[in-house]
Amino acid sequence: LNEEATGNILPSLGRLALSLFLSALAGIALGIVLGRSDQAMAYLNPVLQFARVIPPPTLVPVFAVLFEFGTQMQVASIIFSAIWPILLNTADGVRSVDPVQADTALVFRLSRTERLRYLIVPSALVKIFAGLRLALSLSLILMVFSELLPGTSNGLGYELTNAQSQSDVPTIWSVIVLLGILGYLFNTILLAVERRVLATHRGARKAAS
């Protein structure tokens, strides 16, 4: 972890964090909207499923035209891959809200904001976190792939390509091992956050009941 290594690790982590944050923000918001509307879900689900299965590497020429090679294109390619599991899992979680609880919220005249805050989002949390875990894995993979493309001057993918061109086998294996460690670390952190959030939510529901 010398200066050269951190100079490649930190930019990669920055792109990963930004892409995952934007994917989560857009995916959860759109997932809630689609999950609340049966008509919108019926119309858009085939399109979403079609877009979800398109391999992101095949869209690199499109992103290159729209954003040119660089950070914007890298972030866009990661978001395109990571947003689908979050969006679809959120929509599925919203649609699985207990009908009895939904009717009870209407009887007590909870506003839309209150229903969203106290019923819909908590009920969908398990599915949302499942989507986030999938998105995290995809983001890590696409982060490396996007940094293998021309126009990249730093990052783990860039370091991997540079080491491969120089037949620097120790560096290649070092990057691969580091990626495995990062994936395991991020997944562990996300699982810890999930357990904490769900435990708090379940504790609040138990106290309320």
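Helices (DSSP runs of H or I, at least four residues) and strands (runs of E, at least two) are numbered from the N terminus. This is a predicted model, in which local features need pLDDT of at least 70 and side-chain atom pairs count only at pLDDT 80 or more, while totals for chains, interfaces and linings use all residues. Residues are numbered from 1 along each chain as its sequence is written, and side-chain values use heavy atoms, with hydrogens and water left out.

**Exercise 1. Describe the overall build of the protein.**

Step 1: Count the elements. The protein has 8 helices and 0 strands.

Step 2: Read them in order. Starting at the N terminus, the elements run α-α-α-α-α-α-α-α.

Step 3: Along the principal axes, the C-alpha atoms fill a box of roughly 70 × 40 × 20 Å.

**Exercise 2. Work out how helix 2 and helix 4 are arranged.**

Step 1: Start with the axes (lines fitted to C-alpha atoms, for helices over the stretch in contact, with angles from 0 to 180 degrees between N-to-C directions). Those of helix 2 (residues 38–52) and helix 4 (residues 71–95) come within 11 Å and cross at roughly 150°.

Step 2: Classify the angle. Under 35 degrees counts as roughly parallel, over 145 as roughly antiparallel, 65 to 115 as roughly perpendicular and the rest as oblique. Helix 2 and helix 4 are therefore roughly antiparallel.

Step 3: List the contact (heavy atoms within 4.5 Å). Helix 2 contributes residues including Asp-38, Met-41 and Leu-48, and helix 4 contributes residues including Phe-80, Trp-84 and Leu-87.

Step 4: Sort by class. Ala, Val, Leu, Ile, Met, Phe, Trp, Tyr, Cys and Pro count as nonpolar, Asp, Glu, Lys and Arg as charged, and the others, Gly among them, as polar. This contact of helix 2 with helix 4 has 8 nonpolar, 1 polar and 3 charged residues.

**Exercise 3. Now try helix 1 and helix 7.**

Step 1: Their axes lie 7 Å apart, and helix 1 and helix 7 pack at an angle of about 135°.

Step 2: Helix 1 and helix 7 are therefore oblique to each other.

Step 3: Glu-4, Asn-8, Ile-9 and Ser-12 in helix 1 meet Leu-156, Tyr-158 and Glu-159 in helix 7. By class, this contact of helix 1 with helix 7 has 3 nonpolar, 2 polar and 2 charged residues.
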